[in-house]
Amino acid sequence: MHLPFVTAQFHAPDVHLPGKKELASATEAVRAQLPEPRQALFYGGLAAGVALSLLEWPVALAIGVGTAVIGHDQK
């Protein structure tokens, strides 16, 4: 496209699509960061308690952080 005093150039982006090995590696990295199902259920229960106003959020936060710290020390 040519206009007086203006020139615009459009280029197709260089797109890299990941292969199977890269996707498998990314999947394993994400899985390593996820909590165990029992832990996820516990934290989900805390969140549900806050959402249903059964717990105040500072109390749930203190319970969650305390549990995470204790669990981290035991590993």
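This passage describes the fold, overall dimensions, surface and selected residues of a predicted protein model. Because the model is predicted, local features were considered at a pLDDT of at least 70 and side-chain atom pairs at pLDDT 80 or more, whereas totals for chains, interfaces and linings use all residues. Residues are numbered from 1 along each chain as its sequence is written, and side-chain values rest on heavy atoms, with hydrogens and water left out.

The protein chain contains 3 helices and 2 strands, where helices (H or I, at least four residues) and strands (E, at least two) are DSSP runs numbered from the N terminus. Read from the N terminus, these elements follow the order β-β-α-α-α. The radius of gyration of the protein chain is 24 Å, whereas a compact globule of 75 residues would have a value near 11 Å; the radius is taken over C-alpha atoms, and the globule rule is 2.2 Å times the number of residues to the power 0.38. Along the principal axes, the C-alpha atoms occupy a box of roughly 65 × 35 × 20 Å. Within the chain, Val50 and Pro4 are separated by 46 residues in sequence and by 63 Å in space, C-alpha to C-alpha.

Of the 75 residues in the protein chain, 5% are buried, with buried meaning under 20% relative accessible area, exposed over 50%, and partly exposed in between (1.4 Å probe, protein chains only). The accessible surface amounts to about 7,100 Å², and 66% of this belongs to carbon and sulfur atoms; the areas come from the Shrake-Rupley method with a 1.4 Å probe, and for residues only the protein chains shown count as cover.

Helix H1 spans residues 20–33 and holds both Glu28 and Arg31, which lie 3 residues apart, about one turn of the helix. An α-helix has 3.6 residues a turn, so residues three or four places apart point the same way. The side chains of Glu28 and Arg31 form a salt bridge with an N to O distance of 3.6 Å, the criterion being a side-chain nitrogen of Lys or Arg within 4 Å of a carboxyl oxygen of Asp or Glu. By this criterion the count is 1 salt bridge. Glu28 is partly exposed at 49% relative accessible area, while Arg31 is exposed at 56%.

Helix H2 comprises 15 residues (37–51) and reaches 20 Å from its first C-alpha to its last, close to the expected 21 Å, a span given by 1.5 Å times one less than the number of residues. Val50 belongs to helix H2 and is partly exposed, with a relative accessibility of 28%. Ser53, in the loop between H2 and helix H3 (57–74), has a positive phi of about 60° although it is not a glycine. Ser53 is exposed, with a relative accessible area of 63%.
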